Amino acid sequence: MSRIGRQPIAVPSGVTLSASAGVFKVKGPKGELTVPYNPELTIKHDGDQLLVERPSDQQRHRALHGLTRTLVSNAVKGVSDGFTINLELRGVGYRAKLNGKALELTIGYSHPVVIDPPAGVSFAVPEPTKIDVSGIDKQLVGQVAANVRKVRKPDAYHGKGVRFAGEKIALKAGKAGATGGKGKK
C-alpha cells in the first residue's frame with residue numbers, strides 16, 4: 001500500500017470540506033480551492049481527519065492514491081495556512097520593489113522588468129534583495145516563483161541573478177589563464 005496515500009490528513013478547525021463526483025472542495029479562512037480527482041478513489045471525512053482510499057491494488061490506482069492524497073493535503077494546508085516561497089537577488093545593483101501589486105525588478109537589463117501577479121498570488125518585498133511569493137495554491141505559487149527566477153537565472157561563474165532562498169549554486173572556475181601571469185618561458 002502507498003506510504004503517502006494511507007497517511008491521514010489533519011483538518012484544522014475553521015475548514016469546511018465537501019467531496020462529490022470527482023471534485024473535492026475545501027474552504028478556509030484564506031480562501032477556497034477545488035481539486036479534481038479520479039472518482040474511482042474515495043475521500044472519507046472522519047472527524048478531524050481525511051482518508052483517501054483506493055478500490056484495488058492495480059498500478060493505476062496505486063499511482064493515483066498518493067497523488068490524490070498529496071493534492072488534497074496541499075489544498076487543506078493552503079486554505080488554512082497558505083504557502084510562501086522566498087527568493088533572493090544577488091548582484092551589484094540588483095533590487096526589487098513593489099509598484100502597486102506588480103513586482104518591478106532591476107536586474108542588469110537596460111529596463112526594469114515588471115511582473116504582474118496572477119489572481120490568488122501576491123508579492124512582498126521585505127528588503128530590496130528579497131522577494132516573497134505567497135498564495136493558497138501551492139502549484140500556482142511555485143510556478144510564479146519559477147517564472148520570477150527565470151527572468152535572470154543565477155549565472156554559473158559569479159552566481160548573480162534571482163535564486164530561491166538557501167539555493168546553492170555550483171560555480172564554475174572560469175579561465176585558468178586569467179591569473180595575470182604571462183605564461184611559461
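**Entry 1: the β3–β4 pairing**

I began with strand β3 (residues 23–28) and strand β4 (residues 31–36), which in this predicted model pair in the antiparallel sense over six bridges. I take two strands as paired if DSSP finds at least two bridges between them. Helices (H or I, at least four residues) and strands (E, at least two) are DSSP runs, numbered from the N terminus. I noted that a hairpin of two residues joins β3 to β4. The bridge partner that I looked up for K27 is E32, in β4.

For the record, residues are numbered from 1 along each chain as its sequence is written, and side-chain values use heavy atoms, with hydrogens and water left out. Because the model is predicted, local features need pLDDT of at least 70 and side-chain atom pairs count only at pLDDT 80 or more, while totals for chains, interfaces and linings use all residues.

**Entry 2: confidence**

I then checked pLDDT, the predictor's confidence in each residue, from 0 to 100. The chain has a mean of 92, and 94% of its residues reach 70 or more. Confidence is lowest in strand β2 (residues 16–20), at a mean of 91, and highest in β12, at 98. Where pLDDT is low, the predicted coordinates should not be read in detail.

I counted five bridges for the antiparallel pair β2 and β3, where L17 stands opposite V26 in β3. Contact here means heavy atoms within 4.5 Å. Axes are lines fitted to C-alpha atoms, for helices over the stretch in contact, and angles run from 0 to 180 degrees between N-to-C directions.

I also looked at A21, in the loop between β2 and β3. A21 has a positive phi of about 50° although it is not a glycine. A21 is exposed, with a relative accessible area of 76%; the cut-offs are under 20% for buried, over 50% for exposed and in between for partly exposed (1.4 Å probe, protein chains only).

**Entry 3: V79**

Which residues does V79 touch, not counting residues up to four places away in sequence? I found V15, V26, K27, G28, P29, K30, G31, E32 and L33. V79 belongs to helix α1 and is buried, with a relative accessible area of 0%. V79 and K27 are 52 residues apart along the chain, yet their C-alpha atoms are separated by 6.4 Å.

**Entry 4: the sheet β1-β6-β5**

I next read a second open sheet, with three strands in the order β1-β6-β5 and antiparallel pairing. The edge strands are β1 (9–10) and β5 (42–46), each pairing on one side only. Between β1 and strand β6 (residues 49–53) I found two bridges in the antiparallel sense, and I9 stands opposite L50 in β6. Helix α1 (residues 59–80) packs on this sheet as well, touching β1, β5 and β6; its direction makes about 155° with that of β6.

**Entry 5: nonpolar cores**

I define a nonpolar core as a set of buried Ala, Val, Leu, Ile, Met, Phe, Trp, Tyr and Cys residues joined through side-chain atoms within 4.5 Å. The largest has 18 residues, and those with the most contacts inside it are L89, L103, L105, F123, I131, V133 and V148. The elements giving two or more residues to this core include β7 (83–90), β12 (130–135) and α2 (138–151). The largest share, four residues, comes from α2. Apart from this core lies another, of 16 residues, among them V15, V35, Y37 and V52.

Leaving aside neighbours within four places in sequence, I found L89 in contact with residues including Y94, I107, I131 and V162.

In helix α2 I looked up A146, which is partly exposed, with a relative accessible area of 30%. A146 and L171 are 25 residues apart in sequence and 20 Å apart in space, C-alpha to C-alpha.

**Entry 6: annotation**

The UniProt annotation "domain: Large ribosomal subunit protein uL6 alpha-beta", from an unreviewed entry, covers residues 11–82 and 91–163. UniProt positions are given in the numbering used here, feature names are shortened, and annotations may be inferred rather than shown by experiment. Over residues 11–82 I read 31% helix and 38% strand, with the end C-alpha atoms 14 Å apart. Residues 91–163 are 19% helix and 40% strand, and the end C-alpha atoms of this span lie 11 Å apart.
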